[in-house]
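Good morning, everyone, and thank you for making the time.

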Amino acid sequence: MNTPIQKIEKNKNYIYIKRDDLFPYSFGGNKARKGLLFFDEIKKNNNDCVVTYGSSSSNHVRVITNKCCEMNIPCYIISPLENSKNTFNLKMYKLFGAKIIKTSIEEVSETIDKTLFKLRENGYNPYFIQGGGHGNIGTQAYVDCYNEILNYEKVNNINFDYIFHASGTGTTQAGLVCGSIINNDNKRIIGISIARRNPRGRDIVVNSVLDYLKEYNIEYDKNLVDKKVNFIDKYILSGYGNYDKSIIETIKYSMRNYGIPMDTTYVGKAFCGMNKYIEENNISNRKILFIHTGGTPLFFDDLEVTDE
């Protein structure tokens, strides 16, 4: 499903936004683009319930619980106590009838295993989806997205020099990098980390790229993969969910001037980081595409923050 690309302004560069927040399912976003692909596997395998992981703010969980509700199959969410707050996403998990199992972060893996074991004991055929839709199916979603970008360039006679986006679990960035390699394309892909630090954050993206290329028997040069994975951890502040005044101002500016909602956890943080990266690296007269990876419900969670 193609999502629109919107030119927003010309300053030192030409800035465009690919509106994956408008992907047409459950408030859209990269988690919707990824999440729906998992259900092709679920249908093929005749799974009759789903288990996944995510916090009360998780866009991934919102999409998965919504689709399970639509298919009338049980959905179990393993959710960390440490990241539990009352959010619009959480209200939707409950609307969709998801069963939420809260546990400490240290016990997440054990709780997932116990939940799957108990479901199998009770005669279910559960399907487990990693948090954030991590894995080759999630990567495939952004290989598809990369092909959409190339098609847009061809139709509109434009070539983007850079692609920026929020990098979290790593599969969005991995898919874009794989798309670049498969198409022998030379755009610079810059993942702005919203939580993880290097070298771990970058290593996860690299390994996701290699896993995908190996599974689909795509020839690759390891040095080329290393060169293409640009994972920037300079703008994460204290970590996941943390924000500062510059991020708040970015969100206000985007909504006031473009009518585009952003949030403090993912998109606003990454867009603010992109602006700083462009300034710090003296990038000018370039065509830059930012991928809006969604999270509209989080914008409403943040409305009180933007009053500060």
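Predicted model: local features only at pLDDT ≥ 70, side-chain atom pairs only at ≥ 80, totals over all residues.

Residues are numbered from 1 along each chain as its sequence is written, and side-chain values use heavy atoms, with hydrogens and water left out.

The names of helices (H or I, at least four residues) and strands (E, at least two) come from DSSP runs, numbered from the N terminus, and two strands pair if DSSP finds at least two bridges between them.

The pair I began with belongs to β1 and β2, which are antiparallel and share five bridges, and a hairpin of three residues connects β1 to β2. On β2 (residues 14-19), five of the six residues are buried, a word that here stands for under 20% relative accessible area with a 1.4 Å probe, protein chains only. Strand β2 also runs parallel to β10, with six bridges joining the two, and R19 stands opposite H292 in β10. Strand β10 (residues 287-292) in turn pairs with β7 (residues 162-167) in the parallel sense, over four bridges, and here H165 faces I291 of β10.

Which order do the strands of this open sheet follow? The six strands are arranged as β1-β2-β10-β7-β8-β9, with mixed pairing. At the edges are β1 (5-10) and β9 (230-232), each of which pairs on one side only.

There is also an open sheet of four strands, in the order β5-β4-β3-β6, with parallel pairing. Because β5 (99-103) and β6 (126-129) are at its edges with a single partner strand each, one side of each has no neighbour in the sheet. Within this sheet β3 (residues 49-53) and β4 (residues 75-80) are parallel over four bridges, and T52 has I77 in β4 as its bridge partner.

Finally, let me turn to two helices. The axes of α5 (residues 136-156) and α7 (residues 200-215) come within 10 Å and cross at roughly 85°, where axes are lines fitted to C-alpha atoms, for helices over the stretch in contact, and angles run from 0 to 180 degrees between N-to-C directions. That angle makes α5 roughly perpendicular to α7, a label used for 65 to 115 degrees.

Conventions
Parallel < 35°, antiparallel > 145°, perpendicular 65-115°, else oblique. Buried < 20%, exposed > 50% of the residue type's maximum accessible area, 1.4 Å probe, protein only.
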